[in-house]
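Visitor: Please take a close look at a single part of this model. I would like one connected account of how that part is put together.

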Amino acid sequence: MSREILFEIKDVNRTYVDTNDSTVEALKNINLSIKKGEFISIIGPSGCGKTTLLRLLAGLDVQESGTILLEGEEIKGPHPARGYVFQQSSLFPWLTVEKNIASGLKARGVYKQNKEEVSQYIKLIGLNGFEKTYPHQISGGMAQRVAIARALINHPVALLMDEPMGALDAFTRADLQDKLLELWKENDTTMILVTHDVDEALYLSDRVVIMSPRPGKISEVLNVTLPKPRQRSSTDFTAMRNSILEKLHLASEIQQPEYTI
Amino acid sequence: MSIIKYIELSAVSVAGFLAAIFVNLFFKQVAEIEINTYPINSSVSLTADQAYRFVLLGLILIYIAAAVYSYRNEERRKKFLSRVPFRFVIGLTVALWDILGTKLLLLPQPFFPGPSRIIESFLMEGDYIFQNTLYSLRLFTVGFTLGVAFGVGTGILIGWFPKVYYWIYPVLKITGVIPAVAWMPFALTLLPTPFWAAVFLIVICAWFPVAFLTAQGIASTPKIHFEVAGTLGAKTPYLVLHVAIPHAMPQIFTGISSANGFAFTTLVMSEMLGQPGGLGYYINASKVWSAYYKVFAAIIVMAVLFSAIMKVIGAIQNRVLRWQRGLVK
């Protein structure tokens, strides 16, 4: 199945100067095409530049060299067409759940004509009855669902997620993964997920991008052809997980990776 | 807690004031002082002692009403009960004060008049005290509102624009440490009326803490909030109005609360230094005639007025910052 290309990443480099005044190559010669409607995961040990890559796609950061094209156009700054979900809870603490979701519309100044969508998205993420609560009164999993709804209400072509489930417990995580698949099917949004959880990447994605650190580069792109919904305990799934784990070990020979199974 | 016990404790809370009434009624007037009578209208007239007892009765009725109102709510009930011993002792203190200040006249006069003598000021010139209170209130409202508005405005600019920070912040830091009344001579010369001169001083003294803390609140907004808003499609006006300002709100209110205290001080001091009215003016004018009981009357009015203003600001703050409930101590 060939699909239209959404993101075209060509020879992208990004270096940082760290606190010791030495330069760190966060990304080196990154080349990747992401197709429209695809669910793609970026996985790798910490320091491999996966968050940096995601931030470049969002327009929250700028590369030193190379180009990133979105449907043929260069990315200039953040845009609601590329929704972004942050690692830690990023809800506005002074707004209720309902108003946090509405802030997606309000920020663009289109709240009045799309008001009724807010309650639709609250229903979609299963938070009915929590409309008037404040972020500190709900659980971490609920907060991340709100953050996802807030990004989705702008109908983005792509949803970029930076370890959105990193801080959640196993049950909540599995729950939210299913919710994510559901939302993906309904909205036909391109999903780009940064994670350090091999299971999560395998469970959700069409393709898994494996990155390695120092300098951050793509070491392999895997097609995951297992039919959905996937069984985490199936032999194919386990075999694939083991092979990815092995590759991650190879990719970070020097340093022990931080992921846990 | 049983209702009987609650009624008992409520009775204790007013018993002190009741005792004060009895003391005033039945304690022999030993010292020779004149108890003046003042006509209220064509048919009714009151002595200072009667007026004093009416005030005590009023307090008793207020506390009984509070007891009834608080009974139904657990939290309010606790709050009410916690104040029972304090109110009882206050009542007894007033009774003692009445004995020492009026009945036996043992306190040095005219500096420490008895309670009925202070109440007498309201009988003598209640209208005049009321007019002066209104003058103070008007001065405070205009000055404080302008000062807070001005402070929040400059605070936002300082916190948002590095250029404004560079040029205005040092000015803020220097003027902030100067007591506002020091500008009085200039204010009186440069502004058309004494009223606006005092407004100017209150604006200056409220401006500093509000601007300072607003700027701090704006500048300390976590970057992630701006990034979130950016990915949602927000432009600068949204970032300022709906991200930076809400984030700065707790600090803005801290600024407003401390500005409030400074503004009271500046208000009274500037009234004492050159206003045609106001409670500060009234204190000064009464002092000249050694009418210290009037000074006390004005102080009582100030205490009530300023606590009321602080209550109002506190209520607004609770409403605006209700999202913080449960998040901070």
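Guide: In chain A, of the contacts with a separation of 6 or more, 71% join residues 24 or more positions apart; two residues are in contact if their C-beta atoms, placed from the backbone, lie within 7 Å. This is a predicted model, in which local features need pLDDT of at least 70 and side-chain atom pairs count only at pLDDT 80 or more, while totals for chains, interfaces and linings use all residues. Residues are numbered from 1 along each chain as its sequence is written, and chains are lettered from A and ligands numbered from 1 in the order in which they are written.

Chain A holds 8 helices and 10 strands (DSSP runs numbered from the N terminus, H or I of at least four residues for helices, E of at least two for strands). Along the principal axes, its C-alpha atoms fill a box of roughly 50 × 45 × 40 Å. The radius of gyration of chain A, taken over C-alpha atoms, is 18 Å, which agrees with the value near 18 Å for a compact globule of 261 residues (the rule is 2.2 Å times the number of residues to the power 0.38). Of those 261 residues, 44% are buried, meaning that 20 or more other C-beta atoms lie within 10 Å of their own; 12 or fewer make a residue exposed, and counts in between partly exposed.

A:Asn242 belongs to helix H8 (residues 235-251) of chain A. It is exposed because 11 other C-beta atoms lie within 10 Å. A:Val198 is 44 residues away from A:Asn242 in sequence, but their C-alpha atoms are 9.2 Å apart in space.

Another helix of chain A, H6 (residues 170-187), has 18 residues and should span 26 Å at 1.5 Å a residue (1.5 Å times one less than its number of residues). The end C-alpha atoms of H6(A) are 26 Å apart, which agrees. After H6(A) comes A:Asp188, with a positive phi near 60°.

Chain A also touches chain B. The contact takes 22 residues from chain A and 15 residues from chain B. On the chain A side, strand S6 (82-85) and helix H2 (97-108) each supply at least two residues, and H2(A) gives the largest share, 4 residues. By class, this side of chain A has 11 nonpolar, 8 polar and 3 charged residues (Ala, Val, Leu, Ile, Met, Phe, Trp, Tyr, Cys and Pro count as nonpolar, Asp, Glu, Lys and Arg as charged, and the others, Gly among them, as polar).
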